[in-house]
Amino acid sequence: MLPSQPLLHAAVLALTVLQALASKSFLAAVYEHSVILPDATEQPVSAEVALALMNQNMDVLEEAIREAAQQGAQIIVTPEDGIYGWSFTREAIYPYLEDIPDPGVNWIPCTDPTRFAPAPVQERLSCMARNNSIYVVANIGDKKPCNSSDPSCPSDGRYQYNTDVVFDPEGKLVARYHKYNLFRRETQFNYPKEPEAVTFETPFGKFGIFTCFDILFHEPAVVLVNKLQVDTVLFPTAWMNVLPFLTAVEFHSAWAMGMGVNLLSANTHNIGLAMTGSGIFTPEGPAAYHYDSGTDEGRLLLAELSAHPRLSPTYPPAVNWSLYATSIEKFPGEKDTFSGAVRRDIFTFSELRSKAGNYTVCQGDLCCHLVYQMSNKSNDEVYVLGAFDGLHGSLIKYHWQICTLLKCKSTDLNTCGQPVETAQTKFEMFSLSGTFGTNYVFPEVLYSGVQLAPGEFQVLHDGRLQSKHRTSKPLVTATLFGRLYEKDLPHPLRT
């Protein structure tokens, strides 16, 4: 006699849990999705039209989830805006929203879809997780009614939130997170009244979750990692790349190394808006990543990760990010410096005029020090050492300290800091350090073609970012991103 479907599902799930408990690692997946977008309109469409568009995107996501599960993945992260897109007015996005309950209600939408208000998107996501016995992470919109008794209630009588949800392998809603740091264009959503620090336990570690712009701020990003000690961060994002800094794979990999945590980063894919770059990142570097600015295709990535990276024998030791630079007895700044803009940020640069040298450049409280030797300097390429100590951003301002070895776009020094993807010059060695006023420093090396350099550099305990050997590919930038959260200005839109 064959077992019934529920019994069979329970047996498979129990076996999966036992296998995970017996293992110190897990297989993770992220999917970079080329989102099918709705027609541009400032007026709301019908609920039926909105659901039809979302189902088109969920068809694609379901296939990726099925493929990931077949390859043994235990969790998959899908992108921010991956189900309905972006560029909505507050009114136009309303038909795409659902009321998402607190996970404490112990709800499996797949098996009990009518328990709350109609929620076809949550039901389908729940079934994707249940049918494939995998954790599914998705980004959707939450709506919450309010009234005049709430002085913060919007005039239309509802809150609207950019929201991440997580369904476990049974299809149960186990996490809900409302994005706290909205980007300036997200006027269709409200800010939560308080930052949320959302975590949940799995058989393969403690997980936290936040969305896109959140990664740049103390709350919730630093709180999750340092105070709540999560092992892995789930990160749906819609990241617009900014070369030569803040490229998705560059900064997200750097953040994972600087914070000492796994980061599952799933980006949307839209080359017209420079959106690409997803990865599975670890404290030791990228386990898998993808950057494609030339096609319209999505991409599924999988990698095996340590379930508890802090317990790993390869976990990087603690770093004193200013120890080496502040120990240098003579630290004069270079005389021949010039200013250059990286977007709106004014850096202090010094040109590397020879194939080998020892340079220092200072700005504000930050001095950056570089020792280097080039192996095959191209005559038509210029490199600089740069320092930035100040507020970044036009509307929402937050404080960076950045030291960078950077290739300029051309031999014209006025192009230093402009977007550049390719290079020809390799380095025999480099060592970059700075007098950082923070321990939140994120290191990364970017090669020509927007390629990372896993295993080819190291961070010493005294704060030096060093090449391990001659660079295998031409160098675009080696950068230390420092964040002084305590110097951030209040968020003007949230206040």
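Over which residues does pLDDT stay under 50? I found residues 17-22. For them the model has five contacts beyond four places in sequence. Contact means heavy atoms within 4.5 Å, and pLDDT is the predictor's confidence in each residue, from 0 to 100.

I noted the ground rules. This is a predicted model, where local features need pLDDT of at least 70, side-chain atom pairs count only at pLDDT 80 or more, and totals for chains, interfaces and linings use all residues. Residues are numbered from 1 along each chain as its sequence is written, and side-chain values use heavy atoms, with hydrogens and water left out.

Next I checked overall confidence. The protein's mean pLDDT is 93, and 94% of its residues reach 70 or more. Confidence is lowest in helix α1 (residues 5-21), at a mean of 50. It is highest in strand β2 (residues 75-77), at 99. Helices (H or I, at least four residues) and strands (E, at least two) are DSSP runs, numbered from the N terminus.

Then I turned to strand β10 (residues 278-282). Five of its five residues are buried, so β10 is largely enclosed by the rest of the structure. Buried means under 20% relative accessible area (1.4 Å probe, protein chains only). Ser278, Ile280 and Thr282 lie on one side, Gly279 and Phe281 on the other.

Last, I looked up the neighbours. Strands pair if DSSP finds at least two bridges between them. Three bridges join β9 (residues 262-267) to β10, antiparallel. Five join β10 to β11 (residues 285-290), also antiparallel. Glycine 279 stands opposite tyrosine 289 in β11. β10 and β11 form a hairpin with two residues between them.

Conventions. Buried < 20%, exposed > 50% of the residue type's maximum accessible area, 1.4 Å probe, protein only.
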